[in-house]
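I opened the model to look up a few features. My notes are kept in the order I took them.

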Amino acid sequence: MSAATAKRAPVKAGAVAASALAWTLLAAGSLLVMVPLAFMLGASLMPPAEIMKMPYDWIPKVPKWANYLQALAGNDGNWMYLRNILNSLIVSVTIATTTVILSSLVGYGLAKFEFRGKNAVFMGIMATMMIPFETVMIPLYLIIVRLRMQDSYLGLIAPFLMNAFGVFLMRQYLLTFPNEILDAARIDGCSEPRIFRSIVFANSGPAAATLAILAFRQQWDNLLWPLLVAQREEMKTIPAYIVKFAAEKSADEGAMMAVAAIASIPVFALFFTLSKYFLGGSAVYSAGKE
Amino acid sequence: MKGKRPARSLEKDRSRWGWAFVAPGILFFSLFSFYPILNAFYTSFLNKKLLSLKAPKFVGIDNYLRVLGSQDFWNSVKATALFAAGAFVPLFALSLLFAILVVSRKRFKRSLQMALYSPAVLSSAVAALIWLLIFDPRGLANQFANFVMGTPGIDHKWLADATMARVSTILVYVWKYVGYFTILFVTGIGKIPQSVNEAAVIDGAGPVQRFFRITLPLLKPTTVLVSVMILIQCLKTFSTQYLFTQRGAPLGPINVVTLNIYNTALRDQNLGRASVMSVLLFLFMLLLSWAQLRYSRSDEADL
């Protein structure tokens, strides 16, 4: 532990100064990073005149909760944001669920079964990680058009039902799953689907949680795909709504920040309750790229 | 395989189940990854319009010549390169600095990481929306810049001026992702065996010496990985530029490749040329990933 060695070293004035400098830099960095977030929250409760006041006051004089009402009602008062929030929830939750289920199915097949061509299948799936979404979005869009799935949940969800990183993650996780348990279940006459469902899947908690959160966040953030597939207002998701709302000249700045704050509630709720999967998940994700 | 070799029929049965489990994967990736990438290559040789009922014509490398000969494309390359370069340096330097500082702390490690990471939690569209107001002529960015530089009342035209629009998009990006890459560096530093560092302390190496002689060389797999990840992320930037142009920022200086692909396909409905750019983007990213694999022969592929 570096902490222990530091403690043993004689305390010098230089070390104290270095520590003070480190703390100053870290505090300044963290504060600066949080400023725009504080701005979003503060401004979401202000009238436009107060947001654009010079010098800017960080705390709203009288909290204007009506901004949130207007954010939900929209500039034309058709409450489309509510519908689009619902869409985002449906799409993101569905994709998180299917990603976990399908990735563990395929990951299990690759980790625990021997069959000819297995390596080719694994390498093939891993190779798709190299394909940027931007390169395939037009062909994907044409597929969706041909299947007549524009402006539908199916169209929003289909290309993200699972992903190569998920397969990789579940395979790595399941490689360490004890074979003895699987074999014991087989000897007891347990069918393969049931072994997967009640033994393998039921025990893949941490990896599944990491993957579910990663998939949820990616979809919550997805702008390009809904922009292509969802032409009708009712089928848009939050990021697409934000773009539309911001582009309207009449948009009230306070309501804009309320839109932003509302859009951030679910991800921040996840972040605060399950932060280890966020921080750990990023690390795991990068490990997959190594 | 351990124990006795299972009977032949059992083995065959098991291999069938193996296929059954991976079948959804084969189906999915064939349809939604392999077919589209082949289709993108194929379409790049066609004269194809979006939603047109006319049969597309095969035009050979005509689209490639058109794209590579157009000023619009090279402007996008320039916009993307400037964005990537401008974001790379501060992202890399700041996240490495923060990671080293965080790791050296005894307390509040987790809180510091969470604070730095928090912008990465936001959607890109939300991030762009917040900064849209900050960059307003009457907004915080002007107030802050004028306060720091002692130039009261000057509008720096964050979204209106060509150069400033570039700077603004870079700022948003650095702000959003600095915490993310800090976490990656923290993880990388954590993998360095402490015994090496302790031995160096006993040998009387100072913190600066230890950083340059031990931490940095041993961190190489992470630095290479993070560098490539930053570059690939930057090449894929879209939301900030899209939202800013929707609010009236000049398109030219921030017309990054992804935005150009989107506009060429959706606004100009020219799928052939959009596909050419998609294919070039793909090949370039492939090159980057290949370089990363070459330079960081990492033997810790398993988690």
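I am working with a predicted model, where local features need pLDDT of at least 70, side-chain atom pairs count only at pLDDT 80 or more, and totals for chains, interfaces and linings use all residues. Residues are numbered from 1 along each chain as its sequence is written, while chains are lettered from A and ligands numbered from 1 in the order in which they are written.

**Chain A overall.** I looked up the secondary structure and found 16 helices and zero strands in chain A. Both are DSSP runs, numbered from the N terminus: helices are H or I with at least four residues, strands are E with at least two. The radius of gyration of chain A is 24 Å, well over the 19 Å from the globule rule for 290 residues, so chain A is more spread out than a compact globule. That radius is taken over C-alpha atoms, and the rule is 2.2 Å times the number of residues to the power 0.38. Along the principal axes, the C-alpha atoms of chain A fill a box of roughly 75 × 70 × 35 Å. Of the 290 residues in chain A, 43% are buried. Buried needs 20 or more other C-beta atoms within 10 Å of the residue's own, exposed 12 or fewer, partly exposed lies in between, and C-beta atoms are placed from the backbone.

**Chain B against chain A.** I then checked the contact, which takes 86 residues from chain B and 78 residues from chain A. Two residues are in contact if their C-beta atoms, placed from the backbone, lie within 7 Å. On the chain B side, helix 1 (residues 8-43) gives the largest share, 19 residues. That side divides into 54 nonpolar, 24 polar and eight charged residues. Here Ala, Val, Leu, Ile, Met, Phe, Trp, Tyr, Cys and Pro count as nonpolar, Asp, Glu, Lys and Arg as charged, and the others, Gly among them, as polar.

**Helices 3 and 10 of chain B.** How do helix 3 (residues 71-104) and helix 10 (residues 220-235) of chain B pack? Their angle is about 140° and their axes are 9 Å apart. Axes are lines fitted to C-alpha atoms, for helices over the stretch in contact, and angles run from 0 to 180 degrees between N-to-C directions. That makes helix 3 of chain B oblique to helix 10 of chain B. Angles under 35 degrees count as roughly parallel, over 145 as roughly antiparallel, 65 to 115 as roughly perpendicular and the rest as oblique. Residues of helix 3 that meet helix 10 include B:Phe83, B:Phe88 and B:Phe92. The residues of this contact divide into 11 nonpolar, two polar and no charged.

I picked out B:Phe108, which has a positive phi of about 60° although it is not a glycine. B:Phe108 lies in the loop between helix 3 and helix 4 (109-121) of chain B. B:Lys157 sits in the loop between helix 6 (140-149) and helix 7 of chain B. Last, I looked up B:Leu65, found in helix 2 (residues 62-68) of chain B. B:Leu65 counts as exposed because it has 12 C-beta neighbours inside 10 Å.
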